[in-house]
Amino acid sequence: MPGPVRDERADALRARYHAAFPDAELPVPVQAIAEDLLGLRVGVSQDLAVSGMLLPPERQIWLNGGEVAARRRFTLAHELGHWVCQHLEGKAAPFYCRSKDVAPDTDQALEREANVFAAELLMPEPAVRAVFSGSVEVTAEAFGVSEEAMHWRLFNVGLLETTPHR
């Protein structure tokens, strides 16, 4: 069984937000974190050919409006992962999350890092442990994420023994 998948930068960002804004803890207000705390502009486009993209010089994140809300929330958190984990550490190039960027023959380290950040931001382990009562569906709804994302998180923190079926 895997150990917990953590990114302390996500914890720190969520804590900074809640220190500045008295919003509810769940679901994590990812759009408010992007806009109100980090000063990024979040846009949605029906014509976007990718799930999401980060344009650092413009301080913009674009999301695909054709995807369901839970998927867009995870994509937004993923793009925030690129912002915090890569851009703020000196990489200014745009980040496009498209199929060729996550193909098996590419270096997926940056995408994995952004996914771990997103999971930790949206589904903090202590809160997941407190809310989970055996139902992936109910827990996913409480966190505003897809059942697949929640299933992976539950597996990664050791609350489920099987990975989700694809």
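Predicted model: local features only at pLDDT ≥ 70, side-chain atom pairs only at ≥ 80, totals over all residues.
Residues are numbered from 1 along each chain as its sequence is written, and side-chain values use heavy atoms, with hydrogens and water left out.

Helix H6 (residues 136-143) packs on helix H7 (residues 147-156) at an angle of about 105°, the axes lying 9 Å apart; H6 and H7 are therefore roughly perpendicular to each other. Where they are in contact (heavy atoms within 4.5 Å), Val-136, Glu-137, Thr-139, Ala-140 and Phe-143 of H6 meet Glu-147, Met-150, His-151 and Leu-154 of H7.

Within helix H7, Trp-152 and Phe-155 are three residues apart, about one turn of the helix. Their rings form an edge-to-face pair, 6.1 Å centre to centre with 85° between the planes; rings of Phe, Tyr and Trp (its six-membered ring) pair if their centres lie within 6.5 Å, and planes under 30 degrees apart count as stacked, over 60 as edge-to-face and the rest as tilted. The accessibility classes are buried (under 20% relative accessible area), exposed (over 50%) and partly exposed in between, with a 1.4 Å probe and protein chains only.

| Residue | Relative accessible area | Class |
|---|---|---|
| Trp-152 | 27% | partly exposed |
| Phe-155 | 14% | buried |

In helix H2 (residues 30-37), the buried residues are Val-30, Ala-32, Ile-33, Ala-34 and Leu-37.

Terms used. Axes fitted to C-alpha atoms, helices over the stretch in contact; angles between N-to-C directions. Helix = DSSP H or I, 4+ residues; strand = E, 2+ residues; numbered from the N terminus. Parallel < 35°, antiparallel > 145°, perpendicular 65-115°, else oblique.
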